[in-house]
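This briefing concerns the structure shown below. The points that follow its lead sentences are grouped by topic.

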Amino acid sequence: MRVNNSSITSKPASYSGGGNENWGNLRITNSTLDKNSATDGGGLKQSGQSGRVLNTTFSGNQAVNGGGLNISSPISIVFTTIAFNQAQGSGGGIYHDNEWLGIYNSLIAQNSGGDCYTEGDFYAYDDNLNTDDTCPGFT
């Protein structure tokens, strides 16, 4: 799936991926996913194949786990803002339970339920910021 220069707003899902649920290759560029809701992955639920998110904003999304993103596949997140999302369970910004996740030059901040929850290989590269010290390797 490819999303480019788009806004995905105010979409509810009864289970996964309020903004979008994807099981294949993922590329999201220059986009905004905001005010979406689901049980898992209010903004995005990514499973299966690899993905890349570039210069994108996830804000105001809600879920039980992974208010902004719920990730179960290898993915890189670059120059992205993940802020003001909510999780009633874990990972207000990112819920990452499997595989490889690389974050580059991104901001993960002010997410209710913690900025990051991770059980997989989590790598922070270059300059990243988060507000509650839940993202491993962030400054």
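Contact here means heavy atoms within 4.5 Å. The structure is a predicted model, in which local features need pLDDT of at least 70 and side-chain atom pairs count only at pLDDT 80 or more, while totals for chains, interfaces and linings use all residues. Residues are numbered from 1 along each chain as its sequence is written, and side-chain values use heavy atoms, with hydrogens and water left out. The chain holds zero helices and 19 strands; these elements are DSSP runs numbered from the N terminus, helices being H or I of at least four residues and strands E of at least two.

**Overall build**

- Taken along the principal axes, the C-alpha atoms of the chain fill a box of roughly 35 × 30 × 25 Å.
- Of the 139 residues, 49% count as buried, where buried means under 20% relative accessible area, exposed over 50% and partly exposed in between, for a 1.4 Å probe and protein chains only.
- Among the contacts in the chain with a separation of 6 or more, 63% are between residues 24 or more positions apart.

**Strand pairing**

- Five strands make up an open sheet with parallel pairing, in the order β3-β6-β10-β14-β17; two strands pair if DSSP finds at least two bridges between them.
- The edges of this sheet are β3 (21–22) and β17 (116–118), each of which has a single partner strand, so one side of each is left without a neighbour in the sheet.
- Strand β14 (residues 94–96) runs parallel to β17 and is joined to it by three bridges, with I94 opposite C116.
- Strand β7 has parallel links to β4, through four bridges, and to β11, also through four bridges.
- Within β7, G51 is the bridge partner of L26 and stands opposite I75 in β11.

**Nonpolar core**

- A nonpolar core is a set of buried Ala, Val, Leu, Ile, Met, Phe, Trp, Tyr and Cys residues joined through side-chain atoms within 4.5 Å.
- The largest such core has 21 residues, of which L69, I77, I94, L101, I103 and I108 touch the most other members.
- Two or more residues of this core come from each of β4 (26–29), β10 (69–72), β11 (75–78) and β15 (100–104).
- Beyond four places in sequence, I103 touches I77, I94, I108, F122, Y123, A124, Y125, N128 and F138.

**Surroundings of F122**

- F122 lies in strand β18 (residues 121–125) and is buried, at 11% relative accessibility.
- Leaving aside neighbours within four places in sequence, F122 is in contact with H96, L101, I103, C116, C135, P136 and F138.
- The C-alpha atoms of F122 and G102 are 6.1 Å apart, although the two residues are 20 residues apart in sequence.

**Disulfide**

- A disulfide is a covalent bond between the sulfur atoms of two cysteines; the criterion applied is a pair of cysteine sulfur atoms within 2.5 Å.
- A search of the whole structure finds one disulfide, formed by C116 and C135 with their sulfur atoms 1.9 Å apart.
- C116 lies in strand β17 and C135 in the segment after β19 (129–130), so the pair ties together parts that are 19 residues apart in sequence.
- The link of C116 and C135 is right-handed, with 80° about the S-S bond, and both cysteines are buried.

**Polar and charged interactions**

- N65 is placed in the loop between β9 (62–63) and β10.
- A polar atom of the N65 side chain lies 3.0 Å from the backbone nitrogen of S90.
- Not counting residues up to four places away in sequence, N65 touches T39, D40, G41, N70, G89, S90 and Y95.
- The structure holds one salt bridge, defined as a side-chain nitrogen of Lys or Arg within 4 Å of a carboxyl oxygen of Asp or Glu.
- This salt bridge is between the side chains of K35 and D34, at 3.6 Å from N to O.
- K35 is exposed, with a relative accessible area of 54%, whereas D34 counts as buried at 14% relative accessibility.

Note on methods. A polar contact is a pair of N or O atoms within 3.5 Å; within protein, one must be able to donate a hydrogen and the other to accept it, and residues adjacent in sequence count only if both atoms are side-chain atoms.
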